[in-house]
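Let's take a walk through this model together, from the overall build of one chain to the contact between two. Please keep the structure open beside you as you read.

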Amino acid sequence: MSIILKNISYVYMAKTPYEQTAIKNINIEIKHGEFVGIIGHTGSGKSTLLQHLNGLLKPTTGMVSVDGQDINLKGEAAQNAKRSVGMVFQYPEHQLFEETVYDDIAFGPRNIGIEEIEVDARVKKAMNFVGLEFDEFATRTPFQLSGGQMRRVAIAGVIALEPAYLILDEPSAGLDPRGRDEIFGQIIKMYKNTGITVVLVSHNMEDVARMANRLIVMNGGEISLDGSPMEIFRDSQDQLQAAGVDVPPLTALMNKFNQWGLEVDHTVVAMDAAVDSIVTAVRRR
Amino acid sequence: MLADIMLGQYFPGTSFIHQLDPRTKIISTILFISSIFLAENYQAYAIVAIFIAFIIALARIPLIMILRSLKPLWIIIALTVLIHIFTTPGTVIYVLGPLTVTQEGLRLGLLMSLRLVFLIVISSLLTFTTSPVALTDGIERLLKPFKKIGLPAHELAMMMTIALRFIPTLLEETDRIMKAQMARGADFTSGNIIRRAQNMIPLLVPLFVSAFRRADELATAMEARCYRGGDHRTRMKQLKITGRDWVAYGILLLLIGVLIVVRISEKSNVI
């Protein structure tokens with residue numbers, strides 16, 4: 001059970017002066033149950049890569065398979081494989097269109113031919129996941145909600161399709177810190193409760209480092225690093241810098257401590273662990 | 001998928017044609033289009049075709065781009081040919097049920113479709129070689145004399161600039177919303193025409209919402225920077241007619257002269 005990308009390359013506007021290779025020779029496998037963070041500078045090919053995961057873009061060369069099925073073939077099986085990959089775009093609230101929150105979330109499930117009773121159950125479940133009270137929000141119009149609430153409605157619209165893989169492109173962009181923490185909190189909760197596979201794109205290293213158990217760093221359309229956040233922060237800070245992404249502030253601080261001769265563990269990503277490590281190091285002195 | 005649309009796309013370059021003043025190019029295009037209607041026989045068409053080939057070569061636009069600009073209109077071209085072939089009276093050369101093909105029809109169909117092709121190619125050459133900003137600048141200057149009779153030349157040009165500026169943005173937005181809805185199982189390609197129109201709602205509603213939002217934001221941003229219409233505005237790039245432009249006018253007048261001569265000599269031959 002995994003999404004496999006084999007030798008994927010994609011060229012935008014081929015054969016015009018605007019031709020541009022967005023990604024080249026990508027080989028990755030996203031296994032079931034992983035929480036993958038993809039980070040990279042603007043224009044590093046993150047979004048292009050994402051759109052290959054559920055067949056919205058067809059690779060110029062290479063093959064994408066979801067659970068063993070090539071999704072760029074025609075037919076029912078490929079269609080179903082695509083549907084098991086749910087995609088939340090950047091600024092997903094821009095896609096809302098229905099008169100009520102309920103109908104907008106039900107749009108996806110109704111499209112794939114799910115019965116109304118089941119649709120109802122799924123909408124309730126999805127709203128619960130993103131922390132929207134059903135009784136309060138179901139009949140309201142999505143256009144009068146706050147930015148954070150609109151985004152949650154949009155994310156619920158994808159979750160209601162019950163995908164096995166959930167892909168999120170910058171889900172916190174443009175939200176205030178509180179809205180961001182809420183969205184991320186709900187994503188983590190869902191990941192822990194349902195065992196869904198999550199692929200999260202962000203350029204905020206701190207967010208990704210805190211949540212993901214695997215990190216993919218993209219640079220210039222290629223994968224420059226792939227591993228656990230800890231390994232990457234520990235071993236590959238030069239490549240990180242080359243890719244134009246910063247290490248999280250916490251890691252930067254711990255590195256500084258080490259440079260100053262205070263031996264702390266610079267691989268920690270959580271605040272508590274960092275505090276412990278500093279306290280022990282200071283006591284040891 | 002929508003990124004492939006070639007409508008009015010600027011193709012940056014430094015050729016003779018690119019460097020012409022936009023006013024020269026707009027006036028020349030209008031003159032040229034009218035002069036196409038002077039051409040009535042094969043010789044005149046050949047002259048026009050050679051002239052267009054000369055301009056394409058001069059502008060260094062790849063032929064593939066030119067052909068692509070014809071693509072959205074090939075149905076209209078094909079229809080023109082068919083209608084002329086089957087409806088022109090004259091010497092019958094082939095009968096197909098109720099339809100008759102005449103010699104004159106074949107000739108007229110060919111010439112008419114060629115005329116269409118010329119029109120499209122020359123106007124896409126204008127947009128290929130002139131950046132949208134230069135184009136609207138040129139239009140604004142050309143419309144300036146009409147200001148006296150109350151035509152808001154600057155405002156019209158500004159609206160055009162903004163509209164042109166937002167075509168790619170809206171296309172991108174359309175593309176993104178389409179993909180987002182497709183990822184939720186929406187279907188934009190199958191079903192009959194009513195069904196398809198209904199299926200467009202999930203695309204059109206968000207698109208309108210975002211277009212209004214953008215318009216609102218842009219208006220605020222312009223006002224915040226003290227924009228207040230056309231009076232007393234100066235520009236960074238002043239348009240200037242140079243020797244190059246006179247050369248272009250000269251060549252064009254030569255072409256028109258030749259076409260007139262061809263037409264008159266043909267008339268006198270007939271008589």
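Helices (H or I, at least four residues) and strands (E, at least two) are DSSP runs, numbered from the N terminus. On that basis, chain A has twelve helices and ten strands. Please bear in mind that this is a predicted model, in which local features need pLDDT of at least 70, side-chain atom pairs count only at pLDDT 80 or more, and totals for chains, interfaces and linings use all residues. Residues are numbered from 1 along each chain as its sequence is written, while chains are lettered from A and ligands numbered from 1 in the order in which they are written.

**Chain A as a whole**

Here are some overall values for chain A.

| Property of chain A | Value |
|---|---|
| Box filled by C-alpha atoms, along the principal axes | roughly 65 × 50 × 35 Å |
| Buried residues (20 or more other C-beta atoms within 10 Å of their own, C-beta atoms being placed from the backbone) | 41% of 285 residues |
| Contacts (C-beta atoms within 7 Å) between residues at least 6 apart in sequence that join residues at least 24 apart | 64% |

**The cores**

A nonpolar core is a set of buried Ala, Val, Leu, Ile, Met, Phe, Trp, Tyr and Cys residues joined through C-beta atoms within 7 Å. The largest one holds 80 residues, and A:Ile105, A:Ala156, A:Ile167, A:Val199 and A:Val217 have the most contacts inside it. Helix H6 (residues 147-159) of chain A gives the largest share of this core, seven residues. Beyond its neighbours within four places in sequence, A:Ile167 touches A:Leu50, A:Leu53, A:Val85, A:Gly86, A:Met87, A:Val88 and A:Val199. A second, separate core has 15 residues, among them B:Ile17, B:Val48, B:Phe51 and B:Leu125.

**A helix of chain B**

Helix H7 (residues 132-143) of chain B spans 16 Å from its first C-alpha to its last, close to the 16 Å expected for its twelve residues at 1.5 Å a residue. B:Leu135, B:Thr136, B:Asp137, B:Gly138 and B:Glu140 are buried in H7(B). The buried residues of this helix pack against helix H2 (22-36) and H8 of chain B.

**Where the chains meet**

The contact draws 21 residues from chain A and 18 residues from chain B. On the side of chain B that touches chain A, helix H8 (153-182) and helix H10 (201-224) of chain B each give two or more residues. H8(B) supplies the largest share, six residues.

Key
Two residues are in contact if their C-beta atoms, placed from the backbone, lie within 7 Å. A residue is buried if 20 or more other C-beta atoms lie within 10 Å of its own, exposed if 12 or fewer, and partly exposed in between; C-beta atoms are placed from the backbone. The expected span of a helix is 1.5 Å times one less than its number of residues.
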